[in-house]
Amino acid sequence: MDISGETKVCAILGDPVKHSLSPTMNNAAFKALDLDFVYVAFRVRREELKIAIKGARKLGIHGLNITMPHKELVMASLNEIDPHAKAVGAVNTILNLGKELVGYNTDGSGALEALRDNSVSLNGKKMLLLGAGGAGKAIAFQLSQELEELVILNRNAKKAENLAEVLRKKQKKILGNILSAKLVRHELKDSDILVNATSVGMHPQAGQSLVPRRLLRPDLCVMDIVYKPLETRLIRDATSIGAKVVNGVEMLVHQGAASFKILTNRVAPIQTMRQAALEKLAGSGTVS
Ligand code: ATR
């Protein structure tokens, strides 16, 4: 890597951020396209986010990715926010235009592309979405209009109900309710696609799944946004009964690819990014 005074610097800000796969994925992509960019990670505490963004602006950092727990708070430090990110209420990508910082959210399009890339169509389908946190919200906003029906279940029922209420203004068949074993069983019966957008299945909740294996069917498509471990309990169970599965790396890579496009104005080398992420996960010993 040849870094000079002209090299464009991009970074991810979060807390924790040590284990982020974004530097690995993006540096691999810069190298593949021979771009004079470099990507690093900065741990930024909540109370220091505002000053960190100010610093990034002063230093001429070209672009940023924002991860937990800053996706909502960061919006107050931006000059402009694209309409989709504004509707979702969270930003995960910032482009520094010199005088202006512009915010975007690529989580939803990442989920959409992950499904498309795995030949899953949404048209006329019913989706059961578990989780109405940051990622769940972005997914619901992006996918709701293409689906025939969307049911959002969340542990905190209010969040699911509120999200459904907002989305119903554009699409009628959207329901938000509490995440209970009974409702999962009931709603899954006639669903075509199941998406886990909760952190259940991820360390320290690894080995757990919100959906018992006996409820899964071979004609169901199962997507999990958890990628550590890569094979979550849900993905393992779905694979074992012959369902179509889309693992968490797919959404990670596709949201990263959409961010890459915003930051570099180039189409991302998706396979390079996927390979880099998978190798890093395998090397870190957290795949299972
Ligand atoms: P992210 O940005 O990754 O979506 P988040 O906004 O903190 O992170 O959302 C985490 C999601 O996982 C939420 O839907 C959360 O449910 P609550 O809104 O009720 O907190 C869900 N979640 C986390 N642990 C859970 C558990 N043990 N059972 C069910 N849902 C859980």
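Student: What should I know before I start reading the numbers?
Tutor: Residues are numbered from 1 along each chain as its sequence is written, and side-chain values use heavy atoms, with hydrogens and water left out. The model is predicted, and local features need pLDDT of at least 70, side-chain atom pairs count only at pLDDT 80 or more, while totals for chains, interfaces and linings use all residues.

Student: OK, how many salt bridges does the structure hold?
Tutor: The structure holds 13 salt bridges, a salt bridge being a side-chain nitrogen of Lys or Arg within 4 Å of a carboxyl oxygen of Asp or Glu.

Student: Which residue forms a salt bridge with E187?
Tutor: That is K126, with the closest N and O atoms 2.7 Å apart.

Student: And is K126 buried or exposed?
Tutor: K126 is buried, because its relative accessible area is 5%; buried means under 20% relative accessible area, exposed over 50%, and partly exposed in between (1.4 Å probe, protein chains only).

Student: Which residues are linked with K126 in a network?
Tutor: Salt bridges link K126, E149, E187 and D190 in a network, and within it the side chains of K126 and D190 meet at 2.8 Å, N to O.

Student: Switching topic, what is V222 in contact with, leaving aside its neighbours within four places in sequence?
Tutor: Its contacts (heavy atoms within 4.5 Å) include L194, L216, I235 and V245. V222 and V245 are 23 residues apart in sequence, yet 4.8 Å apart in space, C-alpha to C-alpha.
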